[in-house]
Amino acid sequence: MAVALAAGVAVGFVLPRFLPTRSRSTSTGSASSRWSRGRPAIADEQQAGLGRRTIDSLRAGVVVLDSDDVPVLVNPAARAMGLLRTGSTPGTIAAHPLIRTLAGQVRRTGVRREIELDLPRGRDSAGENPLGVHLRAMGIGNGFIAVEAVDVTESHRLARVRRDFVANVSHELKTPIGALQLLAEALLDATEPAEAAAPDLSEDLVAARRFAERIQHESTRLGRLVQELLELTRLQGAEPQPPAEPVALDWVIAEVVDRTRTTASARSVEVTVDGERGLTVYGSDTQLATAVANLVENAINYSGEDTTVRVTLRRGDEHVEIAVADQGIGIAPTDVDRIFERFYRADQARSRATGGTGLGLAIVKHIASNHGGRVEVSSTLGGGSTFTLRLPASPPDDLLATLPPVGIEAGPAELRQV
């Protein structure tokens, strides 16, 4: 909303100062055109002043760049965020490199761009509390680009606190969970009878063994839950993403088939692979293997015995698709839109039986998002499901990777005089 208003104001009130204008007629007919619905139009000078005051009153920062990426309009909110730098020559100003990069991308593609990230405060980039901004850039004609910057520092801080809490609690739980698993195994070994004495087991010993098996099962499930919580926290930004590298999908699929071989064999499910070979995507090989493995394990767990899970690879114009299709129970239409939520499980009973945590598909969604892709599902209740992971076929255009760390310098900002 704010960037649209800023763009409209810039086009209607500000840019006429810098762009050539056609001569205006002073005839009576022309003067009559200055009336609209019985009200006189505002004079150009009043328009410019009203436009400037409107932009200055916005809480969102607004920066308008010309075709040479020189700031021609900056409001006080943008100055307060420190989105300007000292220009190459004394007495001039320049926009932050990230804003210039966004503007260049909008000019090249003609598509509005949005990005949300943390920017360091100060030249030394050592601030403990970075500035969280949501940037939205759009073209407003004649090579001019309007950039809206919204301060989201507080929401980013709260998100970091939440992630840190989950990560710290999960990390602390790993030790007692591991101890429970070891104690359960020791109790099972202690209550394991000799074959000759098996018929003479007391009721107490049978109960103790049953409880030990249950403790082992639940502690294993809890350990998996903690591990997946840590993984999800890392994917949500608790740790920086590894640099994108070429990943051979043939290796990913081979790794996934090896990981899921035991589970598939236990359930008498066959995993087949077909489609194109030799495809390459860009990102983290371990994360992509985790995403595909989660999809295949999910398909195996929700399939019946003597069925097939089919993994299909194909390349489109812009994306590489990895489709995982099963012949399982399917997903109800009311559940399709929610299955990627954390801890949401369409079939609670089956999830408990298989040790599911409700985090596997959420992890897949975040891995796909971090790689510039997406995951989709099509399903028929009782007719199986197909999960499709779509990943960009070309290297990612990562803004942070293309820009060196640069400090933000607050400074005076005025309209460029021409």
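The model is predicted: local features need pLDDT of at least 70, side-chain atom pairs count only at pLDDT 80 or more, and totals for chains, interfaces and linings use all residues. Residues are numbered from 1 along each chain as its sequence is written, and side-chain values use heavy atoms, leaving out hydrogens and water.

**Helix α8**

Helix α8 covers residues 249-266. Helices are DSSP runs of H or I with at least four residues, strands are runs of E with at least two, and both are numbered from the N terminus. At 1.5 Å a residue, the 18 residues of α8 should span 26 Å, and the end C-alpha atoms are 26 Å apart, which agrees. The expected span is 1.5 Å times one less than the number of residues. The helix bends by about 50° at T260. That bend is the angle between axes fitted to the seven residues ending there and the seven starting there. After α8 comes S268, with a positive phi near 55°.

**Rings**

The structure holds one aromatic pair. The ring planes of F340 and F387 stand at 80°, so the pair is edge-to-face. Rings of Phe, Tyr and Trp (its six-membered ring) pair if their centres lie within 6.5 Å; planes under 30 degrees apart count as stacked, over 60 as edge-to-face and the rest as tilted. R210 lies over the face of F211. Here NZ of Lys or CZ of Arg must be within 6 Å of the ring centre and within 35 degrees of the ring normal.

| Residues | Distance |
|---|---|
| F340 and F387 | 6.2 Å between ring centres |
| R210 and F211 | 5.3 Å from the ring centre |
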